[in-house]
Amino acid sequence: MIQKFIFGNPIETDAVVQKIECIKSDIPYWHQSEKIVEGTKKLVFTYAMADEDIVYGLGESMRGINKRGYLYRSLCADDPVHTEEKTSLYGAHNALFIVGKETHGIFLDDPGEVVFDIGYTSRNVLTITCGTDLTAYFFTRGTILELIREFRTMIGRSYIPPRFGLGFGQSRWSYANEQEVEAVARGYRDNQIPIDSIYLDIDYMERYKDFTISDERFPDFPAFVQKMKKEGIHLVPIIDAGVKIEAGYPVYEEGVKKGYFCKNEDGSDFVGGVWPGRVHFPDMLDPEVRKWFGGQYQFLLEQGIDGFWNDMNEPALFYSEEHLKEVFDQIEAYKDKNLDINEFFAFTGMVSGIANNHEDYKRFYHQMNGKRVRHDAVHNLYGFNMTRAAGEAFEELEPDRRILMFSRSSYIGMHRYGGIWTGDNQSWWSHILLSMKQMVGLNMCGFLYAGSDLGGFGANATEDLVLRFTEYGLFTPLMRNHSAAGTRHQEAYSFENTENFKNIISLRYFFLPYLYSEYMRAALNGEMYFYPMAFLYPNDLHAGQVEDQLFVGQGMMIAPVYTQNATGRYVYLPECMKMYRFRSPSDFDVELFESGHHYVDCALNEVLVFVRPGYILPCSDAAMTGTVKNADSMDLSRIVLLSNAAESAHYLLYTDDGYEKDYENASHFIHIDMDEEGDIQVTRGKNAGEYAKKECGLEVTRCI
Ligand code: GLC
């Protein structure tokens with residue numbers, strides 16, 4: 001059951017797709033009050049948590065899967081240092097799922113700042129402080145899995161990438177010209193490491209101008225895109241939110257002429273600073289501007305591009321022109337002064353506070369359905385609508401083909417148009433674990449296509465870290481190695497032991513039939529791709545505490561190693577399981593484990609995969625025999641089953657050409673049935689009765 005409550009005069013965010021009647025009463029279980037914060041009236045919703053309550057949700061945020069004990073702020077931020085004390089990251093995903101005394105969910109559809117104090121001030125008190133104009137949704141329904149499905153149905157189907165988006169991608173800020181991109185492709189090819197995409201960061205553009213290509217560095221871009229495609233590699237360029245102010249640049253000139261940029265209070269175009277220097281921000285919240293901005297992607301689609309990543313769309317703001325001027329004036333005043341402690345810190349704080357200053361978000365305005373809205377009231381919608389602009393354009397420009405798209409900033413609703421990456425993480429061991437925790441919250445909020453920069457974006461990586469990160473990342477739908485300018489190179493062939501990287505990345509392609517099917521199941525049914533153990537073993541108290549093991553689908557459990565120098569790790573098994581210790585798709589050993597706590601060896605070049613009793617998981621025979629180059633061309637007709645089935649078992653495999661959009665077409669579903677004797681039947685079709693005897697084109701070559 002979902003209930004909808006309206007407070008004040010909310011802005012339509014389009015986060016929710018279901019039509020729900022609004023109720024005039026209090027939100028069940030929640031107490032409502034008001035308070036004044038820095039002179040502004042806020043609504044406060046309070047919930048009394050029981051000791052045993054677990055609070056899930058909040059999408060991309062810091063800390064644990066269980067969000068209790070800290071404070072989180074939905075205020076999309078360009079913050080590249082994801083340390084424990086941080087309260088905001090790039091996304092704003094205002095949904096909480098409370099499991100315990102009164103299992104229920106709440107979604108605060110307020111695109112301004114929202115603060116979640118989940119036992120931070122007082123251990124058992126949960127307060128949400130938000131604006132006075134918002135829509136709230138309250139939902140209850142049986143188990144946590146049913147609750148999630150209810151919520152996900154309400155917010156609409158998650159984005160589905162082309163299959164190559166589930167292949168491995170290599171990125172770096174930046175591969176700046178054809179030669180550098182070719183060198184990366186060569187690095188992978190010469191070492192026989194499968195790869196699907198190479199990412200182009202900001203230096204492919206001409207002076208950081210969106211929808212331009214540097215002629216000097218990519219003299220014949222369409223030909224180069226085709227050449228890479230022939231090698232099986234998709235080039236995926238970045239698009240930034242700010243449009244460079246430069247006479248003669250058509251996107252800028254047209255935007256100014258048509259009044260498409262965000263405005264100052266006096267109606268002039270707001271000026272901010274990002275990579276290209278001074279920029280204007282397209283008013284993504286205005287449908288007409290969205291259509292215009294989305295149409296710009298055609299420039300790259302026409303040149304053979306079929307994937308993009310949208311960046312700096314919180315929007316990141318190095319400075320606003322006005323504030324920068326204020327700071328320079330102030331610095332002048334400090335110039336010949338004897339700076340004491342207070343003045344010195346005021347001075348340094350003033351300079352370090354220039355970037356992404358929230359006061360700047362009060363300086364500009366959007367046009368929404370004929371109404372002028374100050375940016376800070378809708379801040380969290382900007383990245384969502386930039387990606388929506390692209391997604392809506394792709395529907396028109398490429399109606400029959402899926403386009404790869406993911407964004408840095410997001411809001412619930414954006415999950416229908418693209419995925420996300422978790423932004424500028426670091427080459428830190430703790431960020432492997434953080435990513436695992438983030439995936440759960442993200443999946444609950446509809447973001448299935450997600451992943452973190454493998455190896456870490458900032459700071460210098462070491463070989464062991466990149467390998468362990470990759471061993472985890474081989475299960476995230478977005479599997480991309482990305483690093484910052486100036487850091488040590490971390491491509492799979494950059495270290496002493498390339499063979500290890502080759503084997504681990506090959507495992508991605510080995511698991512791909514399963515991972516792809518699980519992705520489609522989760523997307524088509526509003527379910528989780530990654531499950532925390534607590535969701536599958538709700539009555540097992542230990543399982544509820546485990547945050548460093550995840551289920552991928554309901555049949556496979558992973559337990560990545562995320563500690564340096566560790567040669568194994570503790571694993572908790574709620575039931576007996578079959579474990580595969582993979583060194584490569586063809587090199588593995590198998591062990592059976594009883595339920596309980598175990599210390600399991602896992603050398604640096606090994607990956608642990610646990611299969612639940614009664615499950616069969618389809619993997620790629622081609623990857624096992626070492627013949628896979630990429631996801632596009634891989635032979636998916638021959639399947640190897642990981643099996644932990646003593647009795648009969650069934651798996652519903654999803655296959656398609658990786659681009660088509662008729663997801664529900666019965667021919668995309670293949671039933672794999674195994675009987676008590678181990679005999680296998682493979683039949684095509686969606687529902688049981690429908691599939692009998694159809695030619696299937698799939699062969700199970702062996703069971704391991
Ligand atoms: C931002 C992005 C990062 C990118 C860089 C340069 O920091 O988060 O991924 O490499 O900008 O474009």
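Biologist: Which backbone oxygen does the side chain of asparagine 481 reach?

Modeller: The backbone oxygen of glutamine 490, at 2.7 Å. Keep in mind that this is a predicted model. Asparagine 481 sits in strand S27, residues 479-481.

Biologist: Is asparagine 481 buried or exposed?

Modeller: Buried means under 20% relative accessible area. Asparagine 481 has 3% relative accessibility, so it counts as buried.

Biologist: What does asparagine 481 touch, leaving out residues up to four places away in sequence?

Modeller: Its contacts include Phe168, Gly169, Gln170 and Ser171. Leu454, Val466, Gln490 and Glu491 are also touched by asparagine 481.

Biologist: Let me follow one of those partners. Where is phenylalanine 168 found?

Modeller: Phenylalanine 168 is in strand S12, residues 168-170. Phenylalanine 168 counts as buried because its relative accessibility is 1%. Beyond its neighbours within four places in sequence, it contacts Asn481, and also Met479, Ile505 and Tyr509, among others. Tyr188, Pro194, Ile195, Asp196 and Ser197 are on that list too.

Biologist: How do I read separation in sequence against separation in space?

Modeller: Compare two numbers for one pair. Phenylalanine 168 and methionine 436 are 268 residues apart in sequence, and their C-alpha atoms are 18 Å apart in space. Now take phenylalanine 495 and tyrosine 417. They are 78 residues apart in sequence, with 36 Å from C-alpha to C-alpha.

Biologist: Where is phenylalanine 495 placed?

Modeller: In the loop between S27 and H13. Phenylalanine 495 has 11% relative accessibility, so it counts as buried. Leaving aside neighbours within four places, its contacts are Thr462, Glu463, Val466, His489, Gln490 and Phe501.

Biologist: Now the surface. Which residues form a nonpolar patch there?

Modeller: Ile341, Phe344 and Phe345 form that patch. Together they have about 330 Å² of accessible area. Phenylalanine 345 belongs to helix H8, residues 341-352. The cut-off for exposed is over 50%. Phenylalanine 345 is exposed because its relative accessible area is 52%.

Biologist: Next, salt bridges. How many does a search of the whole structure find?

Modeller: The search finds 53 salt bridges. Start with arginine 149 and glutamate 527. Their side chains meet at 2.6 Å, N to O. This pair links distant parts of the chain, 378 residues apart. Arginine 149 is in helix H1, and glutamate 527 is in the loop between helix H13 and strand S28.

Biologist: Which side chain meets lysine 229 in a salt bridge?

Modeller: The side chain of aspartate 306, at 3.2 Å, N to O. Lysine 229 lies in helix H3 and aspartate 306 in the loop between helix H6 and strand S18, so the pair ties together parts 77 residues apart in sequence. Lysine 229 counts as partly exposed at 27% relative accessibility. Aspartate 306 counts as buried at 2%.

Biologist: And which residue forms a salt bridge with glutamate 395?

Modeller: Lysine 661, with the closest N and O atoms 3.2 Å apart. This pair also links distant parts of the chain, 266 residues apart. Glutamate 395 is in helix H10, while lysine 661 is in the loop between strand S38 and strand S39. Glutamate 395 is partly exposed at 49% relative accessible area, and lysine 661 counts as partly exposed at 23%.

Biologist: Which residues do salt bridges with shared partners join into one network?

Modeller: Arg581, Arg583, Asp587, Asp589, Glu591 and Glu606.

Conventions:
Residues numbered from 1 in each chain as written. Predicted model: local features only at pLDDT ≥ 70, side-chain atom pairs only at ≥ 80, totals over all residues. Heavy atoms only, no water. Helix = DSSP H or I, 4+ residues; strand = E, 2+ residues; numbered from the N terminus. Buried < 20%, exposed > 50% of the residue type's maximum accessible area, 1.4 Å probe, protein only. Polar contact = N/O pair within 3.5 Å; in protein donor to acceptor, adjacent residues only side chain to side chain. Contact = heavy atoms within 4.5 Å. Patch = residues over 30% accessible without salt bridge, like charges linked within 9 Å, V, L, I, M, F, W, Y side chains within 5 Å. Areas by Shrake-Rupley, 256 points an atom, 1.4 Å probe, with all protein chains shown as cover. Salt bridge = Lys/Arg side-chain N within 4 Å of Asp/Glu carboxyl O.
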